[in-house]
Amino acid sequence: MEDQGEGDMVDLEEFQIDERLKKMLQENWGISQLFPPQARALPNSLDGRNLMLAIPTASGKSLVAHITLAHRLSNDLKGMRGVYIVPLKALASEKFSELSEICNSVDLKVGLSIGDRSSENNFVEDSDILVCTSEKLDSMLRSNPSLMDDIGIVVADEFHLLQEPSRGPTLEILLSRIRYRVEGAQILALSATVGNASELAEWLEADLVKSEWRPIALYSGTLTGLDLRYHSVESPGGDFSLPESKRLDGGVNKNLHSVLDDTMDMDKQMLVFVASRSSAQKEARELSKHVKSKVAAGDQKFSDSITDSWSEMANSLSAREGVSVTAKALANAVRGGVGFHHAGLTSSQRRVIEEGFRSGNLLCIVATPTLAQGVNLPASRVVVRDTRRWSTVAARSMPLPVMEVRQMMGRAGRPGFDEFGESFLVSKSKQDEDSLIDLYLKGEPEDVTSKLANPGAQNAEEDGALLAHILSIVATAGIDDRDAISRFLSKTFLSSQMDSETLEARTDDVLHWLCENGMIERTGESEQVEERIKDMKTKERGAEDWQDEMPSWANSATAIPGLDLVAKEESSRRRLPPRRGPAIFGFKKASMYEPSESFLPEPVAMTYSPTPLGARVSRLYLNPISGRIIQDGLRKAIGIISGEDKIGQVSPLSLLHLASCTPDFLPLWPRKNDYGAIQEALHGREREFLSTSTDLEEERRMKGALVVNSWMDEDSLDSIENDWGVQAGDLRSRVELIEWLLYAMRRILAEDEDLARMDRRAHKTLYQSIDEVHRRVRYGCKEDILGLVAIRGVGRVRAREMSDTLGLNSASDLSAITERDKSKLSDLRGWSPKLVDKLVDSASKAVRMSR
């Protein structure tokens with residue numbers, strides 16, 4: 001069903017969907033007609049067929065999925081479960097809200113599961129539809145594979161991100177696993193326009209609906225100097241001729257100021273995309289200054305109510321104690337009606353900016369491309385300032401992918417608010433303009449490729465995704481023999497892109513590594529598996545006429561005079577005397593080969609079983625290499641604590657550094673000013689290290705450990721950003737990673753009997769030490785106030801103030817304070833009698849619960 005013309009809007013009444021659902025869409029959401037691509041797709045999905053829907057942003061992909069889920073799960077699939085997979089937490093919350101509203105009309109309950117904290121999980125167990133990230137669903141299935149048994153429909157939103165190295169492999173394995181195990185489960189893949197939509201649809205055995213139709217026209221062009229030129233239009237049909245080019249007023253070197261002025265004159269909003277965070281902050285600062293100057297000059301466009309809303313947003317961003325440098329910069333930009341948006345912001349900061357823009361208060365957001373992959377935040381006008389990005393691999397700036405730029409440009413135009421949208425690529429010259437037009441406006445989007453295997457991997461350790469997911473299917477999916485593993489991998493998208501011999505060799509490499517590193521063990525060749533293979537081969541061969549006696553070339557070769565391929569009697573061979581040398585020679589001794597360099601392929605009937613460590617690592621959602629590094633580090637730590645190792649020492653930094661040495665940790669780029677502290681730690685505290693990073697990221701990993709160490713030593717966000725150049729969003733992500741890895745350490749240590757047998761006392765001491773550091777990282781504090789920060793409503797700042805002012809360090813201390821002590825606390829900045837009473841009450845409840 002590719003590109004079948006534009007078509008007309010189709011009345012909702014023409015579709016056989018639940019009347020309750022139809023009524024809700026009409027009365028609550030004002031939907032009485034469907035867009036042409038929706039109308040083409042919906043009959044297929046309602047009929048239970050797999051669907052690949054590749055249409056532009058804002059063309060209504062999600063509504064097709066929402067209607068299908070709500071209708072089928074309340075009718076022909078009643079009692080079954082739907083799963084809605086998204087790539088990002090922010091997008092999950094958005095879809096959870098939409099689905100909750102639509103499914104309430106047909107008495108279906110929607111659940112949300114996007115993290116480990118209780119606030120990130122709602123109605124998971126008894127939900128009819130579960131909204132989750134692919135990583136969270138994968139983790140849940142590893143712990144409880146039976147969750148798949150009642151799955152009736154799976155929606156994969158932002159499906160084109162299958163090609164993203166960090167998230168794509170998990171989504172690919174999830175869909176393959178569901179297709180392998182759950183017969184008849186329906187898959188709906190919602191994608192941006194991609195180059196190989198047909199190939200992806202074929203992999204999913206899905207109907208393809210592909211269209212360039214948009215509900216409102218999108219005019220795309222270029223901004224060269226002050227000249228806005230239009231070059232293409234995507235429209236809902238009809239006569240949409242290109243607007244005339246126009247020249248803006250203003251300075252050539254400040255052309256974005258001119259575009260913003262032009263946008264404000266139309267009473268519209270603008271998104272600007274730039275390549276880096278620093279560019280986002282700098283451009284937002286400059287645009288904000290420009291607006292502030294116009295406000296100060298008495299420009300009538302800016303009412304008191306709008307400027308008051310900017311001040312209110314700015315105050316909310318800077319209200320917290322110890323606010324970071326980035327937060328101050330953001331608040332300052334917002335005071336001029338402009339925000340910036342990137343991964344260095346905290347989730348609450350991003351939410352303030354997104355809500356300010358949606359409400360129409362913010363005039364402009366300057367963002368990195370991650371915004372285009374995340375929440376739904378359309379604008380009337382989009383400007384893509386940067387179309388190149390620095391590549392550390394290539395060591396130079398590279399053009400952004402066509403698909404990524406199209407995603408950004410597709411944010412222009414808000415159905416229901418705008419008559420049309422406009423998107424512009426900023427060019428430096430006429431030659432640059434022509435190149436941008438050819439690549440991004442006329443060029444085709446790239447093909448989506450599988451990232452489940454690393455094409456350039458030289459060994460199993462460089463194939464981290466394949467390593468982790470093969471361990472997972474052996475440990476948790478019951479796919480535990482060599483033939484079954486091959487058959488499962490044949491269901492992946494990777495199998496359509498990598499030749500079978502290479503894939504088999506890669507799989508053998510991975511299985512060998514997992515066996516050699518104690519994650520799985522070979523349990524022998526199975527006669528049952530051999531019989532299954534024979535049966536499968538018989539079925540596959542069918543009635544084919546095999547002629548195995550002699551290869552075809554041999555028939556022609558026998559016609560050559562003097563050449564006879566038939567074996568002769570001994571008399572026809574030249575008789576040779578018995579050998580005098582060894583039976584084998586001319587080869588390197590087998591003992592000289594490293595096991596990882598040379599090994600036989602795994603027999604097809606070989607079976608495998610996860611070791612306790614392998615099963616644990618898979619359930620904990622660790623990369624197997626991380627599991628190996630952690631276990632080795634814990635073994636070394638026990639040796640140190642028990643006295644067997646007379647050189648090493650174990651400190652909190654030891655545990656942070658061990659976590660940072662795993663591939664599951666995201667290192668931090670050192671700045672020039674960081675190298676002194678990093679080198680001092682690397683060379684001055686070597687005896688504390690439980691692992692050594694042998695890759696080229698040693699300094700980056702050390703920086704990550706030192707930054708988290710600063711956090712748990714109670715350094716403020718402001719000082720961490722000043723000292724290390726690490727923004728709050730990056731700090732939050734590293735803290736969460738280290739917290740998870742410390743939890744994994746604790747679990748591995750607690751459940752590993754071999755480690756316990758080394759020395760029971762040392763084992764207990766190490767467990768308590770990991771637990772203490774884990775809690776310190778979680779709350780960002782020193783050990784003396786751990787008893788206070790765990791109290792509801794008490795953060796590390798208040799806990800430290802209570803400790804410094806009154807010498808408190810536990811819930812029982814706080815619950816027993818006198819009225820005089822309460823008064824002392826109430827007098828502190830930011831405190832009040834009401835707050836003190838609330839915290840004392842929380843402490844009293846905590847004490848009662850602990851008894």
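Helices here are DSSP runs of H or I with at least four residues, strands are runs of E with at least two, and both are numbered from the N terminus. The model is predicted: local features need pLDDT of at least 70, side-chain atom pairs count only at pLDDT 80 or more, and totals for chains, interfaces and linings use all residues. Residues are numbered from 1 along each chain as its sequence is written, and side-chain values use heavy atoms, with hydrogens and water left out.

The chain holds 34 helices and 22 strands. Of its 851 residues, 53% are buried, meaning under 20% relative accessible area with a 1.4 Å probe, protein chains only.

**Helix α18**

Helix α18 covers residues 500–516. Its 17 residues should span 24 Å at 1.5 Å a residue, and its end C-alpha atoms are 24 Å apart, so the two agree. The expected span is 1.5 Å times one less than the number of residues. Buried residues of α18 include Leu503, Arg506, Asp508, Trp513 and Cys515. Contact means heavy atoms within 4.5 Å. Among the elements covering the buried residues of α18 are these:

| Element | Residues |
|---|---|
| α16 | 464–476 |
| α17 | 482–489 |
| β21 | 520–525 |
| β22 | 606–610 |
| α22 | 624–642 |

Just after α18, glycine 518 takes a positive phi of about 75 degrees.

**Helices α11 and α26**

Helix α11 (residues 325–334) packs against helix α26 (residues 717–724) at about 105 degrees, with axes 7 Å apart. The two are therefore roughly perpendicular, a term for angles of 65 to 115 degrees. Val325, Thr326 and Lys328 of α11 meet Asp718, Glu721 and Asn722 of α26.

Key. Buried < 20%, exposed > 50% of the residue type's maximum accessible area, 1.4 Å probe, protein only. Axes fitted to C-alpha atoms, helices over the stretch in contact; angles between N-to-C directions. Parallel < 35°, antiparallel > 145°, perpendicular 65-115°, else oblique.
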